[in-house]
Each structure stands twice: as C-alpha cells, then as structure tokens.
There are 2 protein chains.
Amino acid sequence: MRLTSKGRYAVTAMLDLAFHSQLKPVTLIDIAARQTISLSYLEQLFARLRRANLVKGVRGPGGGYSLCSNPSDISIADIVAAVGERIDATKCGGDANCQKHHACLTHDLWMELGEHIKVYLEKITLADLLIKNNVQKIAEMQDQEAQQVVEVRNYAELMNERQ
Amino acid sequence: MRLTSKGRYAVTAMLDLAFHSQLKPVTLIDIAARQTISLSYLEQLFARLRRANLVKGVRGPGGGYSLCSNPSDISIADIVAAVGERIDATKCGGDANCQKHHACLTHDLWMELGEHIKVYLEKITLADLLIKNNVQKIAEMQDQEAQQVVEVRNYAELMNERQ
DNA sequence: ACTTAACCTAGCGAAATAGTCAACTAATGT
DNA sequence: ACATTAGTTGACTATTTCGCTAGGTTAAGT
C-alpha cells in the first residue's frame with residue numbers, strides 16, 4: 001500500500017478545479033501555478049482522470065478542464081484510484097496466495113486495513129472538503145497570490161514593450 | 001504514506017514470535033523458514049525491533065528472540081513504527097509547510113487520514129491476532145510443514161553419512 | 001576449542017517516484 | 001487562412017527505496 005504525491009496532487013488539483021470551474025473551464029497552467037505542481041506532471045495525472053471520467057477537457061482558447069459530475073458525487077477514493085495509487089495493503093492483492101499458494105499469517109489483517117481505508121476515503125467527497133473553513137481560506141489566499149503573479153508579469157511585459 | 005513488505009514482514013515475524021516463544025527464545029532461522037522471509041532481511045528488521053524495545057535477543061546456542069512485553073501490550077502500530085514505515089500521509093510530515101511555508105489545500109485531509117489509520121492500528125494488538133481462528137490454523141499448518149522439512153533434511157544427512 | 005546464533009556493515013539490482021523535454025494534434029479567435 | 005492556445009503522447013532521467021545478499025564480528029553454551 002502506498003499513498004504518495006501522485007494521489008495528493010490529484011486530489012489537490014481536483015479540489016482546485018471544484019473551486020474554480022464553476023463558470024468556465026480551468027487551465028492546467030493555472031492549477032500548476034496555484035498549487036505549485038509541475039505542469040507536465042499534472043498533464044499526466046489529468047490524462048488518467050479524464051480516462052476515469054472524472055473530468056472533461058475543452059480545447060482551444062478559453063478552454064481547460066472541468067468536473068464531469070457534482071463535487072458531492074466525487075469521492076477521494078475515486079480520485080486516488082483513478083491515478084493508480086494502491087490502497088490495498090496485502091502483498092498478494094487480495095488473492096490470498098501471499099505464502100506459497102496459501103494466505104500468510106497476517107493476510108486478514110491487511111485485507112481489513114485496506115477495506116477500512118477504502119471505506120473512509122469513499123465517504124469523503126470533494127463537496128465535503130469545499131465547505132471546510134481551512135480549505136476556503138487557503139484557496140482564497142492562493143487566488144490572491146496568483147493574481148499578484150499575473151500583475152507582476154503584466155508589469156514586466158509593459159516595461160519590455162517600452163524599451 | 002507507505003506500507004510495504006517491510007511492515008508486513010515485521011508484524012508476521014512478531015506474530016510468529018508470540019506463537020512460539022512462550023517457553024524459550026525463537027531463532028530467526030526458524031521464523032525465516034516458517035514465514036519464508038529472507039534471514040538477512042529479518043536480522044535487519046529485528047535490529048530495529050530490538051532498538052524499539054519490542055524484542056530481546058539471547059545469544060549463543062539455545063538463544064534467539066522473545067517478546068519484551070505481553071502480546072496484549074504490543075500493538076500493530078508499535079511494530080510498524082519500529083521498522084520505520086511511515087503511516088503519515090502528508091507530504092510535510094505534519095509540519096503544514098507543504099506549499100511554500102503554508103499548508104497545501106489538502107493538508108488537513110491527509111492529516112486526518114493518517115491519524116485515522118494510526119488509531120486503527122493502535123487498537124489491534126498481537127493478542128487480538130493470536131486468538132483469531134484463521135491465524136491459529138495457518139500457524140499450525142506452518143509448524144507441520146516446518147517439521148516435515150526438518151525430517152527431510154535429517155534423512156538427507158543420514159544418507160550422506162552412509163556414502 | 002567449537003558451535004551456535006545474535007549482531008553489524010556495505011552494497012546491489014529492480015522498481016517506482018516525480019518529474020523533464022520535445023513533438024504532435026485539435027479547436028478557437030482574429 | 002493562420003497563429004494561438006490547449007491537450008496528448010512518448011521517451012527519457014535523476015533519485016530514492018525496497019528487498020535481499022554477502023561478509024564479517026561478538027557473545028554465549030557444551
């Protein structure tokens with residue numbers, strides 16, 4: 001079992017999407033900037049999220065990604081599974097052949113642990129996270145910082161043109 | 001977060017120990033044979049278990065390892081932590097500096113998940129596993145198989161001597 | 001002395017992670 | 001029509017960890 005940045009990035013990006021894609025699609029460039037995730041890596045993750053029917057992409061100017069369903073219908077378990085993070089804690093993947101065709105001494109323990117975590121993550125949806133106080137505060141701060149970056153960039157371009 | 005064979009082996013070995021070390025210490029050779037774990041790898045794991053005061057080693061013939069406390073006082077969380085498996089699911093290890101000195105959008109989610117798993121594993125002790133039907137059945141079968149291996153080995157040695 | 005088994009250290013091959021880089025295709029605004 | 005934006009794909013890579021091997025040293029029993 002393993003839960004790494006891959007799954008964390010995926011959930012963070014999906015949450016960012018849930019926040020900002022109400023009106024129009026959100027570009028990966030924006031998400032990458034706000035959440036400080038490598039753009040190329042995000043692209044890989046979103047390829048998987050799209051294949052799992054969690055997001056849809058719109059091409060061309062003004063394009064980007066948006067959610068396929070309501071935030072209340074997308075669980076953390078869905079997202080984590082979509083990017084291929086293994087929640088299962090057994091060695092055998094549930095086949096009960098961990099030790100020479102038989103189950104190992106602790107097979108049941110890991111099966112139950114995996115099931116436990118799965119149920120926990122299935123119960124939490126993007127909508128649950130959206131209404132959390134802390135999440136809203138952080139998201140607002142990120143928006144402000146991103147806005148400042150845009151302003152600095154525009155200012156720099158302006159000065160460049162004047163030269 | 002990550003739970004690999006390292007933690008699984010450690011718990012399995014400790015459970016084997018709880019089963020067989022009632023009367024006298026158990027050698028890692030026996031555990032390695034019963035649980036099909038590499039002996040050298042087991043030695044590394046037991047070095048950590050010993051440093052965490054979960055087991056004590058007795059050198060010399062008739063030596064081996066035994067538990068430091070009652071099986072009911074040793075939780076799975078203790079064992080997993082002793083061999084250094086990270087249960088924590090955050091990127092920052094709880095420091096809340098996942099994103100440029102601040103907490104990332106999903107920091108709380110991973111904190112709570114980690115805490116949830118920790119509590120779950122803290123509640124399960126070696127004694128809980130010992131009384132499980134499945135565990136007893138598997139352990140008995142392993143004992144029989146190990147006994148057969150010994151008999152085959154003795155027979156082979158006997159035939160060798162006759163040559 | 002000799003065996004047994006704990007204890008210690010260094011290193012290795014395979015796999016996975018967390019990316020990067022570059023080229024390609026598809027849709028849109030002008 | 002054409003440049004721009006956005007998404008897709010694939011190959012490549014530095015780094016880390018895992019599971020394990022190989023070799024030794026130390027301490028205790030017989």
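This is a predicted model: local features need pLDDT of at least 70, side-chain atom pairs count only at pLDDT 80 or more; totals for chains, interfaces and linings use all residues.
User: How are the rings of Tyr9(A) and Tyr41(A) arranged, edge-to-face or stacked?
Analyst: The count of aromatic pairs over all chains comes to four. In the pair formed by Tyr9(A) and Tyr41(A), the ring centres are 6.1 Å apart and the planes stand at 80 degrees. Since planes over 60 degrees apart count as edge-to-face, the arrangement of Tyr9(A) and Tyr41(A) is edge-to-face.

User: How many residues apart in sequence are the parts that the pair of Tyr9(A) and Tyr41(A) ties together?
Analyst: Tyr9(A) belongs to helix 1 (residues 5-20) of chain A, whereas Tyr41(A) belongs to helix 3 (residues 39-51) of that chain. Tyr9(A) is buried, with a relative accessible area of 19%, while Tyr41(A) is partly exposed at 28%. The pair therefore ties together parts whose separation in sequence is 32 residues.

User: Is the pair of Phe46(B) and Tyr65(B) stacked, tilted or edge-to-face?
Analyst: The ring centres of Phe46(B) and Tyr65(B) are 4.8 Å apart, and their planes make an angle of 45 degrees. Planes under 30 degrees apart would count as stacked and those over 60 as edge-to-face, so the pair of Phe46(B) and Tyr65(B) is tilted.

User: Which elements of chain B does the pair of Phe46(B) and Tyr65(B) tie together?
Analyst: Phe46(B) is buried, with a relative accessible area of 0%, and Tyr65(B) is buried as well, with a value of 16%. The two residues lie in parts of chain B that are 19 residues apart in sequence. The elements that hold Phe46(B) and Tyr65(B) are, respectively, helix 3 (residues 39-51) and strand 2 (residues 64-67).

User: Which residues have the most contacts inside the largest nonpolar core?
Analyst: In soluble globular proteins, nonpolar side chains tend to be buried together. The largest nonpolar core of this model has 94 residues. Within chain B, and leaving aside residues up to four places away in sequence, Met14(B) touches Leu49(B), Leu54(B), Val55(B), Leu67(B), Ile74(B), Ile79(B) and Leu126(B). The residues with the most contacts inside the core are Met14(A), Phe46(A), Met14(B) and Phe46(B).

User: Where is Thr36(B), and is this residue buried, partly exposed or exposed?
Analyst: Phi of Thr36(B) is positive, near 45 degrees, in a residue other than glycine. Thr36(B) is placed in the loop between helix 2 (28-35) and helix 3 of chain B. With a relative accessibility of 35%, Thr36(B) counts as partly exposed.

User: Is Asn53(B) buried or exposed?
Analyst: Asn53(B) is not a glycine, yet its phi is positive, at about 60 degrees. The residue sits in the loop between helix 3 and strand 1 (55-58) of chain B. Its relative accessibility is 57%, so Asn53(B) counts as exposed.

User: Which side chain has an N or O atom 2.9 Å from a base nitrogen of DNA strand D?
Analyst: Of the atoms of DNA strand D within 4 Å of the protein, 67% belong to sugar or phosphate and the rest to bases. At the phosphates, a polar backbone atom of Lys6(B) is 3.0 Å from an oxygen of DNA strand D, and a polar side-chain atom of Tyr9(B) lies 3.5 Å from a phosphate oxygen. The side chain with an N or O atom 2.9 Å from a base nitrogen is that of Gln44(B).

User: Which residues come nearest to DNA strand D?
Analyst: The surface near DNA strand D divides into five nonpolar, ten polar and seven charged residues. Elements giving two or more residues to this surface are helix 3 and strand 2 (64-67) of chain A, together with helix 1 (5-20) and helix 3 of chain B. Of the 22 residues around DNA strand D, those that come nearest are Arg50(A), Gly64(A), Tyr65(A), Ser40(B) and Arg59(B).

User: Which side chain has an N or O atom 2.4 Å from a phosphate oxygen of DNA strand C?
Analyst: The 25 residues around DNA strand C include Tyr9(A), Ser38(A), Arg59(A), Arg50(B) and Tyr65(B), which come nearest. Sugar and phosphate account for 72% of the atoms of DNA strand C that come within 4 Å of the protein. The side chain at 2.4 Å is that of Ser38(A).

Note on methods. Residues are numbered from 1 along each chain as its sequence is written. Chains are lettered from A and ligands numbered from 1 in the order in which they are written. Side-chain values use heavy atoms; hydrogens and water are left out. Rings of Phe, Tyr and Trp (its six-membered ring) pair if their centres lie within 6.5 Å; planes under 30 degrees apart count as stacked, over 60 as edge-to-face and the rest as tilted. Helices (H or I, at least four residues) and strands (E, at least two) are DSSP runs, numbered from the N terminus. Buried means under 20% relative accessible area, exposed over 50%, partly exposed in between (1.4 Å probe, protein chains only). A residue is near a molecule or strand if one of its heavy atoms lies within 4 Å of it. A polar contact is a pair of N or O atoms within 3.5 Å; within protein, one must be able to donate a hydrogen and the other to accept it, and residues adjacent in sequence count only if both atoms are side-chain atoms. Ala, Val, Leu, Ile, Met, Phe, Trp, Tyr, Cys and Pro count as nonpolar, Asp, Glu, Lys and Arg as charged, and the others, Gly among them, as polar. A nonpolar core is a set of buried Ala, Val, Leu, Ile, Met, Phe, Trp, Tyr and Cys residues joined through side-chain atoms within 4.5 Å. Contact means heavy atoms within 4.5 Å.
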